[in-house]
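Subject: Structure handover

Hi,

Here is the structure I promised to pass on. My notes follow below it.

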Amino acid sequence: MSGEDEEIRGSGETAGDGIRGTAPGTAPVPLSVLDLVTVGAGSTASAAVRTAVDIARTAERRGFHRYWVAEHHSMPGVASSSPAVLLAHLAAHTTRIRLGSGGVMLPNHAPLVIAEQFGTLEAMAPGRVDLGLGRAPGTDGATAAALRRTERLHEGADEFPAQLAELTRFLDDSFPDGHPYAKIHAVPGPVQATSPGGVQDPHRPPLWLLGSSGFSARLAGSLGLPFAFAHHFSAANTLPALDLYRASFRPSEVLAEPYALIGVAALAAESEQEARRQVMTGALSMVRLRTGRPGLVPSPEEAEAYRFNELERGFVDSWLGNVVHGTPDAVRQGLDDLAKRTGADELMITANAHGGAARLRSYELIADAYGLPG
């Protein structure tokens with residue numbers, strides 16, 4: 001293990017502080033929300049943000065553990081290109097639920113900028129901010145190049161751990177003497193405690209590593225960090241990645257034992273037919289995205305009228321096979337089975353549908369199915 005690895009392992013919060021949740025009601029594990037802040041056809045980004053506030057407040061009221069947003073770019077149907085901005089808005093409308101990124105794409109940004117943004121969020125919502133990090137661009141190659149102002153995309157095995165170590169140093173204000181950045185400080189941050197009259201803030205956003213393959217699983221395990229896996233779009237890799245994470249895990253100051261959540265696409269409705277009608281909007285949206293035609297999330301009527309070709313139908317059938325949908329009881333059973341099959345420590349639910357009302361209703365129905373308060 002490199003010195004950079006040790007820098008990352010030795011930072012952060014005490015074991016379990018802000019990471020491990022408690023299973024609510026009859027749920028098998030803690031339940032959380034991943035919100036892509038989707039924009040449906042005929043709607044606006046402003047409406048999507050209002051829905052995000054409604055979902056976050058509902059999740060808080062019903063006992064969900066955390067609410068995350070994810071960085072995406074150049075996708076008309078996803079209004080979450082700026083996670084830190086969204087999280088600041090959500091912090092003003094919630095009081096208890098953990099808020100975080102699922103995730104910020106580290107190679108798209110200077111580590112100092114991320115440390116400053118999340119230090120500011122921590123000041124706004126002390127003790128409830130998570131910093132989840134990914135190494136993919138969250139977009140296509142051309143957009144990634146525009147974001148990074150370079151044609152070379154720095155997300156490989158060499159660059160990402162070094163970027164992560166640098167970010168950790170900025171978060172902890174721990175560059176050694178003689179380092180070129182030793183006199184550079186992320187503010188808000190620990191340096192304020194060392195200034196005359198300064199008081200140490202007891203919190204620092206815990207780091208999570210996100211992934212859809214084995215790279216981040218192995219790295220998170222070796223560093224003793226919590227791990228979030230994108231089961232909702234990489235289901236075939238879920239079990240191998242979780243096995244790799246657990247096999248690679250080394251206890252750290254952050255965690256004494258592995259902690260892994262998985263993102264799960266799930267949507268509940270009063271009837272199986274209505275649930276299917278709603279998730280087909282997400283299916284058509286994914287077809288368009290995968291074929292280079294990203295757009296707004298289509299309406300149920302548009303999805304019903306669309307004629308899928310043979311290749312598209314095969315993709316949709318495969319994709320829907322990993323979306324837990326149906327009546328509340330059916331969704332509860334599907335989530336229970338998934339938790340048992342994967343051994344995940346937490347389920348983070350993302351709802352794929354055109355309208356905010358359907359998504360919000362789904363979270364309420366899932367909460368009801370598990371007997372959550374509120």
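Helices (H or I, at least four residues) and strands (E, at least two) are DSSP runs, numbered from the N terminus. This is a predicted model: local features need pLDDT of at least 70, side-chain atom pairs count only at pLDDT 80 or more, and totals for chains, interfaces and linings use all residues. Residues are numbered from 1 along each chain as its sequence is written, and side-chain values use heavy atoms, with hydrogens and water left out.

First, a pocket. On a 1 Å grid over the protein atoms alone, a pocket is an open set of points where a 1.4 Å probe fits, with protein on both sides within 12 Å along at least five of seven lines; lining residues have an atom within 4 Å of a point. The lining of the second largest pocket draws at least two residues from each of α4 (111-124), α6 (159-172) and α7 (191-194). α4 gives the most, with five residues.

Now helix α12, residues 310-320. Buried here are E312, V316, W319 and L320 (under 20% relative accessible area, 1.4 Å probe, protein chains only). These buried residues fall within an arc of 90° seen down the axis of α12, so they line one face of the helix (the arc is that of the directions from the helix axis to the C-beta atoms). E310 and L311, on the other side, are exposed (over 50%). The cover over the buried residues includes α10 (272-290) and β8 (323-326), with contact meaning heavy atoms within 4.5 Å.

Best wishes
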